[in-house]
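Please study the model shown below before reading on. The paragraphs that follow lead from the whole chain to its cores, its sheet and a few individual residues.

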Amino acid sequence: MLTRDISLTDCILDLIDNSIDGAWDNAQIPAEEIVRNPIDFDDRSLSGYRIDIDFTDSSFAIRDNCGGITLDDAADYAFTFGRKEGRVDNDFSVGVYGIGMKRAVFKLGSLIDITSTYTESNERQAYKIPINVAAWLKSSSLPWDFDIEESESLEEDGVRIEVTDLADGTQRSFADPTFEGRLVRTLARDYMIPLMHGLEIRVNSRPVVGWEFNLQENENFAPVRLAYNDEGVRVDLIAGMWGTPPDDPSPDEKPRKDDPSGWYIVCNGRVVLGPDTSITTGWGDQLPKWHRQYSGFAGIVVFSSTDPSRLPMTTTKRNVDASSRLYSRAVEKMHEPARAWIDYSNKRKQNLEEAQEAEKGTASVNVFRAAARQEIRVPVISKPASRVRVANVNYAVELVRMQRLQEAIGNINMSYRDAGIAAFEYAYDDLVGD
């Protein structure tokens with residue numbers, strides 16, 4: 001039941017979350033201070049902390065130097081199910097339910113060795129927890145305890161988890177040559193905030209370079225950036241233009257590769273959703289459904305709290321809890337910049353030349369370094385002095401026929417729209433002649 005509804009990638013992210021939580025604790029920065037300013041990247045609080053992930057089709061290991069798990073935390077929290085009665089967390093983390101590490105290692109495989117080294121009262125201590133899942137499941141003792149044994153210390157204070165006898169699904173994924181690249185891309189995006197704070201993550205010795213989220217600015221464009229507090233949670237909202245909208249928004253044209261348009265939701269430094277253009281972030285509710293015309297718009301909402309149970313995220317930390325009133329109020333604020341962008345993209349079609357001129361000379365600014373601004377700034381586009389009435393033509397043809405037309409025109413890379421216009425002009429000249 002624990003492992004049924006979680007993906008392998010999510011399990012690995014759960015283990016990384018534990019390491020990052022340890023790094024923040026070990027850095028000894030009060031959680032309240034982080035929450036007051038969660039995206040100040042002149043700060044390199046996590047510099048020197050490192051997480052190494054290594055896997056083959058027969059083994060998995062994750063190692064960190066993030067301070068380790070104390071014996072008390074191992075006995076009272078990390079290796080029990082749920083949270084001990086009376087335990088109150090007051091930290092900057094994403095651990096809420098007390099099942100992340102257990103669920104992750106059980107999903108990975110059946111033979112598990114966990115070693116922790118930590119310093120307490122100026123004395124280094126170490127222990128290990130070997131788990132044979134098959135034998136453990138047969139245990140009739142309740143609660144289901146894990147054996148804690150003495151161990152030699154690791155080179156640095158931290159945690160090492162090694163898993164063998166991999167589950168069939170885990171083995172297949174690790175054998176897939178594309179899995180590593182997909183995992184690295186996910187980590188680069190989901191942990192862009194800790195990575196910007198100086199954290200290092202490596203996958204099979206391959207460094208993870210944090211994803212850069214940039215918006216465009218000039219005298220005509222500027223992103224909104226505002227912050228407020230709601231139910232003990234700080235909310236930062238930043239949104240604007242990451243790139244120019246498509247000049248031809250026809251839905252049958254190919255979208256831009258890796259289009260980052262849409263909303264991103266972050267909880268205590270972890271991206272839990274994005275890029276999203278669904279009803280979850282307001283599209284198709286009080287706003288129109290997402291259309292390719294709106295490409296070029298991107299926004300991020302960062303929720304930060306010393307009480308992670310207040311954060312609007314699901315147990316897998318890969319989506320938002322849309323029923324959260326806190327989140328619903330944030331969506332209302334997200335509507336405003338999105339609506340401004342929709343209005344701009346509508347007017348842009350009426351006077352494309354003026355819009356393209358306004359879009360020139362923009363400079364990329366990291367989304368987290370944008371200046372405070374209560375509203376998104378977009379240019380005011382004037383209506384053309386006179387408009388020729390037009391007829392819109394939209395129809396589908398067999399792909400092979402379209403490709404033959406492109407070849408006949410002499411440009412196999414031209415857009416379907418341009419090929420259709422060329423065919424119309426040719427037919428019009430031949431039939432009408434004026």
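What does the accessible surface of the protein come to, and what percentage of this surface belongs to carbon and sulfur atoms? The accessible surface comes to about 22700 Å², and 46% of this area belongs to carbon and sulfur atoms; such areas come from the Shrake-Rupley method with a 1.4 Å probe, and for residues only the protein chains shown count as cover. The model is predicted: local features need pLDDT of at least 70 and side-chain atom pairs count only at pLDDT 80 or more, while totals for chains, interfaces and linings use all residues. Residues are numbered from 1 along each chain as its sequence is written, and side-chain values use heavy atoms, with hydrogens and water left out.

The secondary structure consists of 12 helices and 15 strands. Helices (H or I, at least four residues) and strands (E, at least two) are DSSP runs, numbered from the N terminus. Of the 434 residues, 47% are buried; buried means under 20% relative accessible area, exposed means over 50%, and partly exposed lies in between (1.4 Å probe, protein chains only). A contact means heavy atoms within 4.5 Å. Among contacts between residues at least 6 apart in sequence, 73% join residues at least 24 apart.

In soluble globular proteins, nonpolar side chains tend to be buried together. A nonpolar core is a set of buried Ala, Val, Leu, Ile, Met, Phe, Trp, Tyr and Cys residues joined through side-chain atoms within 4.5 Å. The largest such core in this model has 54 residues, of which Ile16, Ile53, Phe60, Ile161, Leu187 and Ile201 touch the most other members. Helix 1 (residues 8-27) gives the most to this core, with nine residues. A second, separate core of 36 residues includes Val235, Phe297, Val331 and Ala338. Leaving aside neighbours within four places in sequence, Leu187 is in contact with several residues, among them Leu13, Ile16, Ile53 and Ile201.

Five strands form an open sheet in the order 10-11-14-12-13, with mixed pairing; two strands pair if DSSP finds at least two bridges between them. Strand 10 (224-230) and strand 13 (270-276) are the edge strands, each pairing on one side only. From one strand to the next, the twist averages 15 degrees. Strand 10 and strand 11 (residues 233-241) run antiparallel and are joined by seven bridges. Helix 9 packs on the sheet, touching strand 10, strand 11, strand 12 (262-267) and strand 14, and its direction makes about 15 degrees with that of strand 11. Axes are lines fitted to C-alpha atoms, for helices over the stretch in contact, and angles run from 0 to 180 degrees between N-to-C directions.

Some details of the backbone also deserve a look. Most residues other than glycine have a negative phi, and most peptide bonds are trans. Pro275, found in strand 13, is joined to Gly274 by a cis peptide bond with omega of about -5 degrees. Asn268 has a positive phi of about 45 degrees although it is not a glycine, and Asn122 has a positive phi near 65 degrees. Is each of these two residues buried or exposed? Asn122 counts as exposed because its relative accessibility is 80%, whereas Asn268 is buried, with a relative accessible area of 7%.

Finally, Lys317 lies in the loop between strand 14 (297-304) and helix 9 (325-350). Lys317 is buried because its relative accessible area is 7%. Beyond its neighbours within four places in sequence, Lys317 is in contact with Asp14, Asp17, Val94, Arg270, Val271 and Val272.
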